[in-house]
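Keep the 3D view open as you read.

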Amino acid sequence: MDQANKRLGRHIPDPARAKNRKAVVDCLRRRGAAARIELAEHIGISPATVTIITSELLEDGVIREEQGAPDRDESARGRPRTRLELNPEAGFAVGIKISMHQASVSLTDLSGDILGAETIPVRANRDAPEWIADICMQQVSKIVGESGIDPDLVLGLGIGVPGYVEYPSGLVRWAPVFSGRDVPFREIVEERTGFRTFIDNDANMTALAEKWFGVGRTFPTFLVVTVEHGVGMGLVINERLYRGSRGFGAEFGHTKIVVGGALCRCGQRGCIEAYASDYAIAREANILGPSVATDDPIALEARMRDLIQQADAGDPAVTSVFERAGSMLGTGIANLVDILDPPVVVLSGARAHSAKAFYAALRKALEENILPGTDTSIDLRIDSGGDEVWARGAAALVLEETLI
């Protein structure tokens, strides 16, 4: 880690130069590769400034000359333009996603490509945070060792946790995966590893993954809705992740859709999560039998797989449960669309690939409840990445904090 940080931190830019460095890196992230003159044109700074900035980034190892044939204009004279791109081997990032029923640990390069991954079953809400940190760190050591990379090239750990996470302190004010409140999880992890650690809400990490490696390459503004054991949201506005004043921003899952409605695990009533999440669906399906303890994450995960199979096989009662859940979520997303007017909405998380009835009801409610206009079509995209998305989000979180 020290070696990577020294190499990448050789230049300590002033605020104006730091802004230009970020602009260059962001432009290369979106375009994949570009010549210096193209960077100047797209960013709106002088070619001389671009030359200075790219020289620093090349020396620091953050960018490199494009691997492969240069971009040659056959009608032009002279040498072809040298195109630059992000260097995926500038460093590496470890990603950890804490879910109710498992912890996923991944090692990625800075292009978001996964070099190693492990998944550990846990009952997160019943296991101590220190124990979860210990077993995750065992897997981190294993993955880094098996990859053959120098541990000093690991820039940091990015950890996604559902719930209210103060950023950048890493204090988890409340999370369904921890039995207590105000868990200093960043400190717990850093004490065990020595790695720089960044902890954020898991939906925010998904949004960062989309910003760096997905729809964010095309759209500077977009929103991500995550659906699995809970319901979350990540919002990127003009290429900046919105966290709010305390890091709790964009908590879509705990907005109220029914006054005095169903009990949510946050302790309040009527939240969207209390109708559209895994535990909400299983809770309603419990009246159909067999009943499952919705606070047992591993049993809940197995129950959801069975319910999805039953719904897709045409069971009318189970189908009705998924239709109500999808309708609630679709109505909530319609409210987001009316408030924010995003060009694209990404549906992510394990339940993004839920029962067919869930998605059909979601889409129907979304289209019926947005404000009427000249074009009521919503660009709704389903993310197919699974745990890969969380790993890339962790890499993006580390990128945001260490490369600029």
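In which sense do strands E4 and E5 pair, and over how many bridges?

## Before we dig in

This is a predicted model, where local features need pLDDT of at least 70, side-chain atom pairs count only at pLDDT 80 or more, and totals for chains, interfaces and linings use all residues. Residues are numbered from 1 along each chain as its sequence is written, and side-chain values use heavy atoms, with hydrogens and water left out.

## Strand E4 and its partners

Back to that question: E4 and E5 (residues 102-109) pair in the antiparallel sense over seven bridges. Strands (E, at least two residues) are DSSP runs, numbered from the N terminus, and two of them pair if DSSP finds at least two bridges between them. With three residues between them, E4 and E5 make a hairpin. Val94 has Leu107 as its bridge partner in E5.

E4 also runs parallel to strand E7 (residues 154-161), joined by six bridges. Here, Phe92 has Val154 as its bridge partner.

## How hidden is E4?

Seven of the seven residues of E4 (residues 92-98) are buried, so this strand is largely enclosed by the rest of the structure. Buried means under 20% relative accessible area, using a 1.4 Å probe and protein chains only. Phe92, Val94, Ile96 and Ile98 point one way, while Ala93, Gly95 and Lys97 point the other way.

## Strand E14

Now hop over to E14 (residues 345-348), where Val345 and Leu347 point one way, Val346 and Ser348 point the other, and all are buried. Four bridges link E14 with strand E11 (residues 222-227), and the two run parallel; Leu347 is the bridge partner of Val225.

E14 pairs with E15 (residues 380-382) too, in the parallel sense over three bridges. Leu380 in E15 is the bridge partner of Val345.

Note on methods: Buried < 20%, exposed > 50% of the residue type's maximum accessible area, 1.4 Å probe, protein only.
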